[in-house]
Amino acid sequence: MRLDKYLKVSRLIKRRTLAKEVSDQGRVQVNGNTAKAGTDVKVGDEIVIRFGQRVVTIKVTGLNEHASKENAKGMYELVKEERINEND
């Protein structure tokens, strides 16, 4: 599944166009490599997303193209969430 679609369907990012923008700005890494919107995401991949001063690390646990709000959380496992200070 494309990275931008995964981020939208899993509800980590609300809109696919926003997921594409964030990816293309280099703020998303898949398995340690900077990823573009078209990067293929597989179960077991680790995704790191930088939201302003927050960094979220998740592990992909499922790929469901039509996830409902209730089971979207089942698509990933939160590994780490941290605040960063950009002034450092």
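Visitor: Which residues touch the most other members of the largest nonpolar core?

Guide: In this predicted model, the largest nonpolar core holds 20 residues. Helix H1 (3–9), helix H2 (16–24), strand E1 (28–30), strand E3 (46–51) and strand E4 (54–60) each supply at least two residues of this core. The members that touch the most others are Leu3, Tyr6, Leu7, Ile47 and Ile58.

Visitor: Which element supplies the largest share of this core?

Guide: Among the elements that each give at least two residues are H2 and E4. The largest share amounts to four residues, and its source is H1.

Visitor: With which residues is Tyr6 in contact, leaving aside its neighbours within four places in sequence?

Guide: Tyr6 is one of the core residues that touch the most other members. With neighbours within four places in sequence left aside, the contacts of Tyr6 are Met1, Leu12, Val41, Ile47, Ile58, Val60, Gly62, Leu63, Met75 and Tyr76.

Visitor: Is Ser10 buried or exposed?

Guide: Ser10 sits in the loop that lies between H1 and H2. A polar atom of the Ser10 side chain is 3.4 Å from the backbone oxygen of Leu7. Because the relative accessibility of Ser10 is 2%, and buried means under 20%, Ser10 counts as buried.

Visitor: Does Thr34 count as buried or exposed?

Guide: Thr34 belongs to strand E2 (residues 33–34). Leaving aside neighbours within four places in sequence, Thr34 is in contact with Gly26, Val28 and Gln29. Its relative accessibility is 55%, and the cut-off for exposed is over 50%, so Thr34 counts as exposed.

Notes. Residues numbered from 1 in each chain as written. Predicted model: local features only at pLDDT ≥ 70, side-chain atom pairs only at ≥ 80, totals over all residues. Heavy atoms only, no water. Core = buried A, V, L, I, M, F, W, Y, C linked by side-chain atoms within 4.5 Å. Buried < 20%, exposed > 50% of the residue type's maximum accessible area, 1.4 Å probe, protein only. Contact = heavy atoms within 4.5 Å. Polar contact = N/O pair within 3.5 Å; in protein donor to acceptor, adjacent residues only side chain to side chain.
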